[in-house]
Amino acid sequence: MMMIFGIPLQAFLGQLLIGLINGSFYALLSLGLAVIFGLLRVINFAHGAQYMLGAFAALLLLSYLGINYWVALIIAPLLVGLFGAIVERTMLSRLYKLDPLYGLLFTFGLALTIEGTFRYLYGAAGQPYSVPPALAGGTNLGFMFLPIYRGWVVVVSLVACIGTWLLIEKTRLGAYLRAATEDTVLVQAFGINVPLLLTLTYGLGSALAAFAGVLAAPIYQVSPLMGTNIIIVVFAVVVVGGMGSIMGAIVTGYMLGIAEGLTKVFYPEASNIVIFVIMAVVLLLRPAGLFGKDA
Amino acid sequence: MTDAIDTAKTGSAAAPARSVGTAQIVILAAGLLFLLLAPMFLYPIFLMKLLCFALFACAFNLLLGYTGLLSFGHAAFFGGAAYFTAHAVKEWHLTPEFGLLLGAAGAAFLGLIIGFFAIRRKGIYFAMITLALSQMFYFFCLQAEFTKGEDGIQSVPRGHLFGVIDLLVPTNMYYLVLAVFVIGLLIIWRFINSPFGMILKSIRENEQRAISLGYSVQYYKLGAFVMSAALAGLAGGLKTLVFQFATLTDVTWQMSGEVILMTLLGGIGTLIGPIFGAGLVVTLQNYLATSDFPVTIITGVVFMVCVLLFRRGLIGEFYASRLGRKLGFEHRQ
């Protein structure tokens with residue numbers, strides 16, 4: 001059997017895959033945070049809750065309406081995106097003139113409310129969501145066994161990340177978004193409906209989180225607590241990457257996911273905290289973050 | 001902007017610039033009298049829990065209200081000190097007063113480390129870094145040997161204060177908690193009215209100006225952070241002695257959120273606001289403890305309502321009201 005640094009190749013690649021999967025979720029979530037922060041100057045603490053909502057939406061659509069995974073992958077983000085847009089229009093939009101910390105506190109309260117409600121309704125225990133039949137099973141790549149669903153998650157999240165990047169960098173709507181990030185007042189003076197743009201952005205960010213949630217449902221258990229546990233790690237990812245660039249958020253997400261996976265191979269005890277340690281080191285060496293512009 | 005400089009200048013010249021009016025003294029005396037007599041008609045354990053959280057919230061407010069730094073990781077200091085105190089009295093058989101001091105010192109040390117990293121960034125990044133590092137401390141507590149993992153440190157002895165006063169007698173324990181609480185508040189009051197505190201306020205109002213005046217802003221921020229952590233630790237250690245255990249609950253991010261809520265609800269930047277906030281939250285928790293309705297939902301809703309409708313908090317709104325101003329209170333905007 002082949003060995004890498006005294007570790008069997010199989011185990012090494014297996015953890016690398018898990019790292020890549022976690023990295024996919026970190027990338028999708030930190031991307032959504034960066035998109036929202038870029039325009040709204042709000043750190044969306046409820047991002048984890050919206051991710052959880054996505055997973056629950058998939059689960060509930062399946063068990064009550066018999067709607068399958070593929071449809072849920074589209075409907076769940078739409079529903080959560082709509083919910084996000086409503087929250088933004090009715091409440092969050094009142095906070096833009098204040099210190100950004102109030103946005104963080106508000107979305108923290110929102111996250112607690114959503115999480116508490118789901119805990120009350122469905123209990124704290126996780127519920128399984130089965131892998132869609134078309135993606136069940138696995139394939140032997142010769143050097144390792146790859147469950148097809150996991151491969152699918154990596155590919156789809158990569159596509160979603162690149163799609164979002166293209167949307168923001170290459171389309172007219174993206175150009176409006178970027179312009180509004182630079183100078184809101186000026187963009188408004190050109191006759192663009194900035195409040196609508198803000199609502200759309202928050203909706204888009206929420207939808208991205210929910211999309212990640214649906215993807216995650218068959219891999220992790222669907223539980224009310226799944227969101228907040230991951231969002232704290234994603235915050236660390238965002239501190240490392242800086243929220244200045246969309247691409248930075250994506251790359252950092254994947255990098256830290258892989259770093260976490262590899263730590264599991266070499267020193268399992270530290271795998272929960274390795275991202276926080278990396279964050280601390282980056283703060284020492286490059287306080288503004290790897291891709292960051294602002295302090 | 002000019003205000004910030006003025007406060008900084010008066011701060012370095014003469015320390016206690018703020019005058020204390022008659023109304024404040026009357027209210028303060030009434031409050032203290034109430035707390036002295038309270039155990040006669042209220043359940044002492046409940047009162048002690050309330051005082052511990054009130055001190056915790058005041059310590060947190062020292063950082064948020066007077067320095068403008070939002071820490072999302074204060075549970076690390078509160079819960080960390082709970083572990084340190086519990087370990088010191090249970091395993092090393094220290095007397096409670098040394099246990100408390102050790103807890104506070106441990107929390108201050110933790111504050112030094114977390115603060116060292118966190119002050120490198122500002123605003124929301126500061127909040128996210130403190131949250132991430134306190135979560136790291138949570139994982140440390142989950143795995144470390146001395147914290148006993150999921151079980152926590154159980155049956156911590158209250159011991160004898162100064163080796164003489166038996167703290168198992170509820171009245172003795174209550175008056176110790178009250179004494180520590182009052183001392184803690186006095187420390188905070190003295191701290192924010194000292195030249196150091198004035199400089200902190202000037203940093204809150206205009207950091208660039210403070211830097212241009214030659215203050216080493218980073219050191220002042222770190223100083224405030226450590227001070228706040230130490231006092232939060234004092235509260236945590238006290239809570240351990242009251243309940244005789246230290247568990248993971250006190251180091252979770254939910255606890256960090258709770259103390260923010262107490263401060264926000266009572267009034268950020270007011271000396272007594274956090275005490276009222278803590279009182280309300282603890283009462284609410286006690287009230288809901290018997291029902292199966294989760295506290296989180298209410299906590300979350302209260303959070304949103306506070307942020308949307310009354311950001312000054314209950315006490316802050318009172319200060320700003322006509323009656324408050326008539327009584328001689330002032331509230332900064």
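1. Start with a side chain in chain B. In this predicted model, a polar atom of the B:T67 side chain sits 3.3 Å from the backbone oxygen of B:L62. B:T67 belongs to helix 3 of chain B, which covers residues 44–67.

2. Is B:T67 buried or exposed? B:T67 has a relative accessible area of 3%. The cut-off for buried is under 20%, so B:T67 counts as buried. Leaving out residues up to four places away in sequence, B:T67 touches B:L62, B:L200, B:R204 and B:A224.

3. Now confidence. The average pLDDT of chain B is 84. In that chain, 92% of the residues score at least 70. Residues 1–18 of chain B are another matter: pLDDT stays under 50 there. The model still gives this stretch 21 contacts beyond four places in sequence. Where pLDDT is low, predicted coordinates should not be read in detail.

4. For the complex, the predictor reports an ipTM of 0.86 and a pTM of 0.87.

5. Next, the polar links across the interface. Chain A and chain B have zero salt bridges between them. Three residue pairs are in polar contact, with both residues at pLDDT 80 or more.

6. Take one residue from helix 9 of chain A: A:V234. A:V234 is buried because its relative accessibility is 0%, and buried means under 20%. Apart from neighbours within four places in sequence, A:V234 is in contact with A:Y26, A:L29, A:S30 and A:L33.

7. How far apart are the C-alpha atoms of A:V234 and A:I67? The separation is 30 Å. Along the chain, A:V234 and A:I67 are 167 residues apart.

8. To recap, B:T67 is buried in chain B and A:V234 is buried in chain A. The interface has three residue pairs in polar contact and zero salt bridges. Residues 1–18 of chain B have pLDDT under 50.

Technical notes: Residues are numbered from 1 along each chain as its sequence is written. Chains are lettered from A and ligands numbered from 1 in the order in which they are written. Side-chain values use heavy atoms; hydrogens and water are left out. Helices (H or I, at least four residues) and strands (E, at least two) are DSSP runs, numbered from the N terminus. Buried means under 20% relative accessible area, exposed over 50%, partly exposed in between (1.4 Å probe, protein chains only). A polar contact is a pair of N or O atoms within 3.5 Å; within protein, one must be able to donate a hydrogen and the other to accept it, and residues adjacent in sequence count only if both atoms are side-chain atoms. Contact means heavy atoms within 4.5 Å. pLDDT is the predictor's confidence in each residue, from 0 to 100. A salt bridge is a side-chain nitrogen of Lys or Arg within 4 Å of a carboxyl oxygen of Asp or Glu.
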